[in-house]
Amino acid sequence: MNVILRFLLDLVLRFVRTLDWVLLGALVALMGIGLAVLHSAGGQNPALVVSQGARYGVGLGVLWLLSRVPLMRLRDAAPVAYLLSLLPLVAVLFLGTGRSGAHWLDLGVFYFQPSELLKLSLPMMVAWYLNTRPLPPSFATTVASLLLVAVPTGLILLQPDFGTAMLVASSGVFVLFLAGMSWWWFVAAAAGVAAVAPVAWFWLLRPYQKDRILTFLDPESDPLGAGWNIIQSKIAIGSGGLRGQGWGQGSQSHLNYVPEHTTDFIFAVLSEEFGWLGVVTVLALYLVVVGRCLWIAAESRDGFGRLLAGGLGLALFVYVLVNGGMISGLLPVVGVPMPLLSFGGTAAVSLLAGMGVVMAVHAGRPVRGR
């Protein structure tokens, strides 16, 4: 009996040895909270929860598979993954669907958002490119890396999806930042944005994008129109207080005052029903995930793995920052979901896939002293 138990234990350990339990625990906790909030925000609809739970299951399966891939193979696959990710971005411009553009491909069984692929393949590509060159990157290396970032970013802007384009771009730029890119590039980028802002306002931005910026600056100017969403979201956040109104008891959410309460604004539902304590708990879990990614990056002795793990961790931080700022009125509304809380399959699977790659970096690290 002891021999059988030992064999079974060894078999289980062989299958889970690549998993980072601190990172996985924080991710599972976030998914559990996400399902609980979704159950409430969706009007206690079990089908919604089951559907999202199934997507989490797929994401965890992808996480496990990618965590077992040797880091060298991930590095070699980066260019192919990057090029293959660009093909759906081109296809969605002609075959895509969406309320304000072409963001999704209808595959019959489910809707697929191609831009989510780039949140993983782009930082992989930039890390692969930089890993073969001296660091900190030279001017030519930086320009070439930024071109790798610019191609998918431009395709996503054509959909148009400004919020996702900026998030995808940030995932690549963070890899460059960790590689030692000079701060002057950020200064030049800020100056460039300021210079082209007037041109963009009059000739590039669409009316709904202008409305979002004007609403961000003064939501009370149109409280029953463009400013409705953010005003109701702030009311929901404020009404939560310290401990919240209770699970399933959020008046703003259940009376349909909070817009997109199962997707982009689900964090407002969390704030209303679980209060400050719930918000701090979720933010602490995000901090654990980001911190663990950065710790794994610091521990890695492989240049590609170090840049990739750090870039994915910082990108997740930006996703949380943008959604939190959006629903609280600190940033314009750009349609960015809260990771692992908002309802949606492609975003959840792509994020968990990224965490699987981080675990592969952790599993492939050299043992100290050897």
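What are the helix and strand percentages over residues 274-295, and how far apart are the end C-alpha atoms? Over this stretch the chain is 100% helix and 0% strand, and the end C-alpha atoms lie 30 Å apart.

The model is predicted: local features need pLDDT of at least 70, side-chain atom pairs count only at pLDDT 80 or more, and totals for chains, interfaces and linings use all residues. Residues are numbered from 1 along each chain as its sequence is written, and side-chain values use heavy atoms, with hydrogens and water left out.

View 1. Residues 47-66 are 100% helix and 0% strand, with end C-alpha atoms 29 Å apart. Helices here are DSSP runs (H or I, at least four residues), numbered from the N terminus.

**View 2. Packing of helix H2 against H14.** H2 (residues 21-41) and H14 pack at an angle of about 170°, and their axes are 11 Å apart. Axes are lines fitted to C-alpha atoms over the stretch in contact, and angles run from 0 to 180 degrees between N-to-C directions. The two helices, H2 and H14, are therefore roughly antiparallel (angles over 145 degrees). Their crossing is left-handed, that is, the near helix is turned anticlockwise from the far one by less than a right angle. Leu23, Leu24, Leu27 and Met31 of H2 meet Leu351, Leu352, Met355, Val358 and Met359 of H14, where contact means heavy atoms within 4.5 Å. The residues of this contact comprise 9 nonpolar, no polar and no charged.

**View 3. Packing of helix H2 against H3.** H2 and H3 (residues 46-67) pack at about 165°, with axes 9 Å apart. The crossing of H2 and H3 is right-handed. Among the contact residues are Leu35, Leu38 and His39 of H2 and Gln52, Gly53 and Tyr56 of H3. The contact divides into 10 nonpolar, 3 polar and no charged residues; Tyr counts as nonpolar and Gly as polar.

**View 4. Two cis peptide bonds.** Most peptide bonds are trans. The bond from Leu135 to Pro136 is cis, with omega near 0°, and Pro136 is found in the loop between H5 (115-131) and H6 (139-157). A cis bond also joins Gln159 and Pro160, with omega about -5°; Pro160 lies in the loop between H6 and H7 (162-178).

**View 5. Backbone at Leu340.** Leu340 has a positive phi, near 65°. Leu340 lies in the loop between H13 (303-327) and H14 (345-363). At 5% relative accessibility, Leu340 counts as buried (under 20% relative accessible area, 1.4 Å probe, protein chains only).

Terms used
Buried means under 20% relative accessible area, exposed over 50%, partly exposed in between (1.4 Å probe, protein chains only). Angles under 35 degrees count as roughly parallel, over 145 as roughly antiparallel, 65 to 115 as roughly perpendicular and the rest as oblique.
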